[in-house]
Amino acid sequence: MFLALNEMKHSKLRYALVIGVVFLIAYLVFFLTGLAYGLAQANRSGIDKWQADYILLSDEANLTLNRSVVSMQQAKEIKADQKAILGQLSGVVYAKGQTDDPKIDVSFFGIQADEFLKPAINQGKMFSKDNEVVVDQSLKDQYNLALGDRLVIADNTQTLKIVGFTKQATFNVAPIIYMNLTTYKNIRFGQTQTDQDFPISAVIVKGQVKNYPKQLEKIAIPTFIKELPGYRAQNLTFGFMIGFLIAIAAIVIGIFIYILTMQKKAIFGVMKAQGIASFYIGKSVLIQTCILTFLGIGLGLICTYGSSLVLPKAVPFLIHWPFYLVIGLGMLIIAGASSLFSVGTIVKIDPLKAIS
């Protein structure tokens, strides 16, 4: 430790450059991780709020919610510990109830207010009448919507009144608008069908499914999330990018330390001639690498957190500290392992040849 710190104090600029490189790579890794996690949550947060075990879709829907059509009779035939019916529809609404205001892509969720799919309300109240809705908090943050504001549905004369807000309720990156089943039916089918016979999208189950019609398919919620359009491809893409960046960071640090080691070959030769063990010198190089990496990672974390405070609300960026801790430790361990090449070089140094 003494040798490592004193050498860094003596060559501040040289080691500052190494810390700067680690910082830039760490910052990029953490920022991409925040984007990946934010996008993943924007796809699935509305599903996570169910805290359910299974979803039943029509067997021809190919695990896709908006393609599924389930009749009310089929929903009644399902025997399960707890079940809730869901009608889902993608749509567009105008903020503030004016057609010249911004268009917002949303996901309509038709639910029953007394079933477990109802969202937790953080402002306002749960809907109790037709055309009353509870919406995701992002609509308030991005479009300055407030309780009592009305939303106009595109290609529809119907308006919706906001009576409540809920947090982290998005589906396929679109904010969710919760409503009762009658409002959902009127949006999707108009007034042509009675409340008793209109089809829904799915039945959500908590606990075990005891019996269900053969026209339906029972899907575990984790499997359903993985099959969301684009979800798996997006996560794999970000995962490979982050993994390669960590590997690149380790290689860059290893190269820097190796070059510095070769530059100090004569000095290490003198030290070995004075009786200083190779283990002590190699340990100093390893400690030095860990300190440089730790400082770069720390600066990267600080800048990532600072960036999260100034990013626009529209950017799906979320900090997840457990992910950052694992990635930071991974970078630190891999960087330490990469420095072992330099340690091996130190062990092979012949004092006589190095001095000459």
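**Exercise 1. Is glutamine 288 buried or exposed, and in which helix does it lie?**

Solution. Start with the accessibility: in this predicted model, glutamine 288 has a relative accessibility of 2%. Buried means under 20%, so glutamine 288 counts as buried. Next, find its place in the fold: glutamine 288 belongs to helix 9, which covers residues 278-310. To finish, look across to isoleucine 257. That residue is 31 residues away from glutamine 288 along the chain, and the two C-alpha atoms are separated by 9.0 Å.

**Exercise 2. Find the aromatic pair formed by tyrosine 37 and phenylalanine 323, and work out which parts of the chain the pair ties together.**

Solution. First, the overall tally: the model has eleven aromatic pairs. In the one we want, the ring centres of tyrosine 37 and phenylalanine 323 are 5.5 Å apart, with 85° between the planes. An angle over 60 degrees counts as edge-to-face, and that is how this pair is classed. Now place each partner: tyrosine 37 is in helix 2 (residues 12-48) and phenylalanine 323 is in helix 10 (residues 321-338), so the pair links parts that are 286 residues apart in sequence. Last, check the cover. Tyrosine 37 is buried at 19% relative accessible area, while phenylalanine 323, at 39%, is partly exposed.

**Exercise 3. Take tryptophan 321 and tyrosine 324: what kind of aromatic pair do they form, and how many residues apart are they?**

Solution. Begin with the geometry: 5.8 Å from centre to centre and 85° between the planes, so by the over-60 rule we call it edge-to-face. Then look at the sequence. Both tryptophan 321 and tyrosine 324 sit in helix 10, three residues apart, or about one turn of the helix. Finally, compare their cover: tryptophan 321 is partly exposed at 45% relative accessibility, whereas tyrosine 324 is buried at 3%.

**Exercise 4. Which residues make up the aromatic cluster that includes Phe23, and which lysines lie over the face of a ring?**

Solution. For the cluster, pick out Phe23, Tyr27, Phe31 and Phe317, which go together as one group. For the lysines, go ring by ring. Over the face of phenylalanine 165 you'll find lysine 140, at 5.8 Å from the ring centre. Over the face of tyrosine 54 there is lysine 218, at 4.8 Å from the ring centre.

**Exercise 5. Which residues form the nonpolar surface patch, and which helix gives the largest share of it?**

Solution. List the members: Ile251, Ile255, Tyr258, Ile259, Met262 and Phe341, together showing about 590 Å² of accessible area. Now see where they come from: helix 7 (residues 231-263) gives the largest share, five residues. Isoleucine 251 is in helix 7, and its relative accessible area of 52% makes it exposed.

How values were computed:
Residues numbered from 1 in each chain as written. Predicted model: local features only at pLDDT ≥ 70, side-chain atom pairs only at ≥ 80, totals over all residues. Heavy atoms only, no water. Phe/Tyr/Trp six-rings, centres within 6.5 Å; stacked < 30°, edge-to-face > 60°. Helix = DSSP H or I, 4+ residues; strand = E, 2+ residues; numbered from the N terminus. Buried < 20%, exposed > 50% of the residue type's maximum accessible area, 1.4 Å probe, protein only. Lys NZ or Arg CZ within 6 Å of the ring centre and 35° of its normal. Patch = residues over 30% accessible without salt bridge, like charges linked within 9 Å, V, L, I, M, F, W, Y side chains within 5 Å. Areas by Shrake-Rupley, 256 points an atom, 1.4 Å probe, with all protein chains shown as cover. Salt bridge = Lys/Arg side-chain N within 4 Å of Asp/Glu carboxyl O.
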